[in-house]
Amino acid sequence: MLRGARAASLGLTLAAVSVAGTSALGVATAFLASPPTASAATALRPGQSPLPSASSLVAATRRAMLAARSVHLDLVERGPGANETIVGDAGLERGRQELRSGKAWVQIRLTPTRAYFRGDQSGLRKALGMPAADIRRAGSRWVAVDAGTSAYRTFKANLLISGLPSAFLPSSGHVTVSHVTVDGEPADRLSWSFTSSGKQWRLHLDVAATGRRLPIAESGTAGKDRQRATFSRWGELVAVAVPHDTVPFTKVTG
């Protein structure tokens, strides 16, 4: 699910940004491609199945997401004072993401043995909540976080595909299902709402109606705030390059 934008603690990632109740920086498909267009279907199309229950569709989508083993995500947030994007790939053991908020930026990479991150001063402060002294020690270098540490576990929980279902699927409350058409293809739409930081968010997640029940896109609105996550390249290999110019996290934090 998408969430309203806010500064996040160390480990802000795709899952953290998604809407469930808290949030972080927003993200982008609007920049990379035209977002899919969806229209409501008032009647079953030839060969279209009856509406599934919300619980069965959520369960089927969760299974399909985990079975796919990887996905590329583009997220975007627009609204009063908001101009934020996240682009990333989530795999079984590896992941990466780039966060941008205005001119501020942060890059994160995850491997089975280490997590790496770097950014400008504003990005490290706003997105990862780093103190000024730590930011100065990090400089422009990649910061290496060893596996087994609490910081690494935070990155791991948010950058891998195992964390995506809980981030993007509704877990409680009233959820409705409807037939829609996305770019000419049949889809089933999950719709629900929740309140976060005093804002009433309305969410729609479009799921493929044929073949694997994989998410296509999720949109959220709260007043003038708009967020959108687009999913693509399900099942493709996530290759993460290991940086060379690194500094240990323990040296950055003193």
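Visitor: What makes the contact between the side chains of Asp 89 and Arg 233 a salt bridge?

Guide: This is a predicted model. In it, the N to O distance for Asp 89 and Arg 233 is 3.8 Å. The cut-off is within 4 Å, for a side-chain nitrogen of Lys or Arg and a carboxyl oxygen of Asp or Glu. The pair therefore counts as a salt bridge.

Visitor: Why can this pair be said to tie parts together?

Guide: Asp 89 lies in strand S3, residues 82–90. Arg 233 lies in the loop between strand S12 (225–232) and strand S13 (246–248). The parts are 144 residues apart in sequence, so the pair ties them together.

Visitor: Why is Asp 89 called buried?

Guide: Its relative accessibility is 9%. Buried means under 20%, so Asp 89 counts as buried.

Visitor: What makes Arg 233 partly exposed?

Guide: Arg 233 has 41% relative accessibility.

Visitor: Which residues are linked in a network of salt bridges?

Guide: Asp 89, Arg 96, Arg 233 and Glu 236.

Visitor: Why is the meeting of Glu 98 and Arg 100 called a salt bridge?

Guide: The N to O distance is 2.7 Å. The limit is 4 Å, so this pair counts too. Glu 98 is partly exposed at 26%, and Arg 100 is partly exposed at 36%.

Visitor: How many salt bridges does a search of the whole structure find?

Guide: The search finds 10.

Notes: Residues are numbered from 1 along each chain as its sequence is written. This is a predicted model: local features need pLDDT of at least 70, side-chain atom pairs count only at pLDDT 80 or more; totals for chains, interfaces and linings use all residues. Side-chain values use heavy atoms; hydrogens and water are left out. Buried means under 20% relative accessible area, exposed over 50%, partly exposed in between (1.4 Å probe, protein chains only). Helices (H or I, at least four residues) and strands (E, at least two) are DSSP runs, numbered from the N terminus.
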